[in-house]
Amino acid sequence: MSNWADLPSELLQEIARKHTDYVDYLYTRAVCKSWNLAIAKRPRNLSSQLPFLLLPYYRENPGHRGFYNVGDEKTYSLELPEALEKRCCGSSHGWLIMVEDTPSIFLLNPLTRAKIELPSLSTFPTFPTDLVYLNSRNLNENCIMREKLHIRDTFIVKAVLSADPSTANVFIAAVIYGFNENLAYCRSNDSEWKIIDPHRRYKDALFREGKLYTVDQIGRISVFDEESNSMIHIADPPPVSPKIRLRQWYLASCNEEKEVLVIARYRKIVPDYEYKTERFEVYKLEESGWRYMESLGDKMIFLGSNSSLCISADEYSRKCKGNCIYFSDDYVRLGKDYAWEGHDFGIFELEDGEIKSLGLPSFPMKQPCFPHIFYFELSLYRTATSFFVLPPPVWVTVSP
């Protein structure tokens, strides 16, 4: 047959079923219009896919975003002007949770560019609507701009979804927010956010089997009970190493969404960078209590601002290595303008405790907008050769 566009749809569908990588699947659909129509938009045969790292932009093009693939160590470009000057505060089920320098927070599908608005941040009782956005105190323009950017970058610490909005009739969004890292949620048809137990500081949240699990600042595990609008305590902290360091907690699940893992991330103080991840400890919640996990087997866990992911490395041949934690920088600082974040990412191998580089491309340094203010001076010490990416990259799964 001389014309590739005339291949029978049955043959094209059989070819598509042979793909194991979503990038190859997209390339096949993009060959021509007839191939695009013949091959299903949502592949049903593909196993769990490796997440990409969402980068700040792509080759100086602000209307595009770079997506770094750890499998082939390549960066792919997607036109995504909706993400320009927005901060990604989470990724879940193939969607980005984006905030901007207004009270708006929305979901964005990076492939289809579909957008779903969530309730305004102004419905939070602690959101400074009057002071900043209505400028009730007649602050000067520079002060207002700085406050809006600060709110965009810090008010929502992390966001997760209960289900894929593309397929679910109703989904739930949960966020950790504010200086005190409180918890709130909304359903897809709600007009405002509902606050949950404002007296505890939360570090991570994860939906499993329709339930919202949380871990607080000392490692306690709780489950949300919507009927009473309260958290039900289910486990005390795991017996982590008594190390005095910056510690971050994560939740994950690696066995058909049934088991609960809690992961402790230890950071140490180092010159010029202020902090750097040193190691991780993984614990599994069992009926008898916590069990320290010396190995993850063939599993890979992806941690950061994203909803935690656990994938089998056996499905990707030599592309990635199992028994590892792939991590990105999610240490949100409350300073309004200095840029310490964006450098702390890598691969932690549980077998030997070593951390390896991800090999990301470098980006130009973010300069302070107000360098004359004294507490921004430390950020000026960062050199042009410092390796960092701003804003920090976020693990993202892609799904139409």
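Strand 14 (residues 221-225) and strand 15 (230-235) pair in the antiparallel sense over five bridges, where strands (E, at least two residues) and helices (H or I, at least four residues) are DSSP runs numbered from the N terminus, and two strands count as paired if DSSP finds at least two bridges between them. The structure is a predicted model, in which local features need pLDDT of at least 70 and side-chain atom pairs count only at pLDDT 80 or more, while totals for chains, interfaces and linings use all residues. Residues are numbered from 1 along each chain as its sequence is written, and side-chain values use heavy atoms, with hydrogens and water left out.

V223 in strand 14 is the bridge partner of Y213. These strands belong to an open sheet of four strands in the order 12-13-14-15, with antiparallel pairing. Strand 12 (202-208) and strand 15 stand at the edges with a single partner strand each, so one side of each is left without a neighbour in the sheet. From one strand to the next the twist averages 30°, with axes taken as lines fitted to C-alpha atoms (for helices over the stretch in contact) and angles running from 0 to 180 degrees between N-to-C directions. In the loop between strand 12 and strand 13 lies E209, a residue other than glycine with a positive phi near 50°.

A further open sheet has five strands in the order 21-20-22-23-24, with mixed pairing. Its edges are strand 21 (309-312) and strand 24 (355-356), each with a single partner strand, so one side of each is left without a neighbour in the sheet. Strand 23 (residues 346-349) and strand 24 run antiparallel and are joined by two bridges. The bridge partner of I347 in strand 24 is K356.

Side-chain contacts were also examined. The whole structure contains 22 salt bridges, each defined as a side-chain nitrogen of Lys or Arg within 4 Å of a carboxyl oxygen of Asp or Glu. D330 and R267 form one of them, at 2.7 Å from N to O. This pair links distant parts of the chain, with D330 in the loop between strand 22 (324-327) and strand 23 and R267 in strand 17 (residues 261-268), 63 residues apart. D330 counts as buried at 15% relative accessibility, and R267 is buried at 2%; buried means under 20% relative accessible area, exposed over 50% and partly exposed in between (1.4 Å probe, protein chains only). Salt bridges that share partners join R265, R267, D330 and D344 into one network.

The side chains of E226 and R187 also meet in a salt bridge, at 2.7 Å from N to O. E226 lies in the loop between strand 14 and strand 15 and R187 in strand 10, 39 residues apart. Both are partly exposed, E226 with a relative accessible area of 34% and R187 with 27%. E79 and R113 form a salt bridge at 3.9 Å, N to O. E79 is in strand 3 (residues 74-79) and R113 in the loop between strand 6 (105-108) and strand 7, so the pair ties together parts that are 34 residues apart in sequence.

A search of the whole structure finds 15 aromatic pairs. Rings of Phe, Tyr and Trp (its six-membered ring) pair if their centres lie within 6.5 Å, with planes under 30 degrees apart counted as stacked, over 60 as edge-to-face and the rest as tilted. F124 and Y177 form a tilted pair, 4.6 Å centre to centre with 45° between the planes. F124 is in the loop between strand 7 (115-117) and helix 4 (129-133), and Y177 is in strand 9 (residues 172-177), 53 residues apart. Both residues, F124 and Y177, are buried. F124 also forms a stacked pair with W193, at 5.5 Å centre to centre and 25° between the planes. W193 is buried, with a relative accessible area of 4%. Ring pairs link F124, F127, Y133, F155, Y177 and W193 into a cluster.
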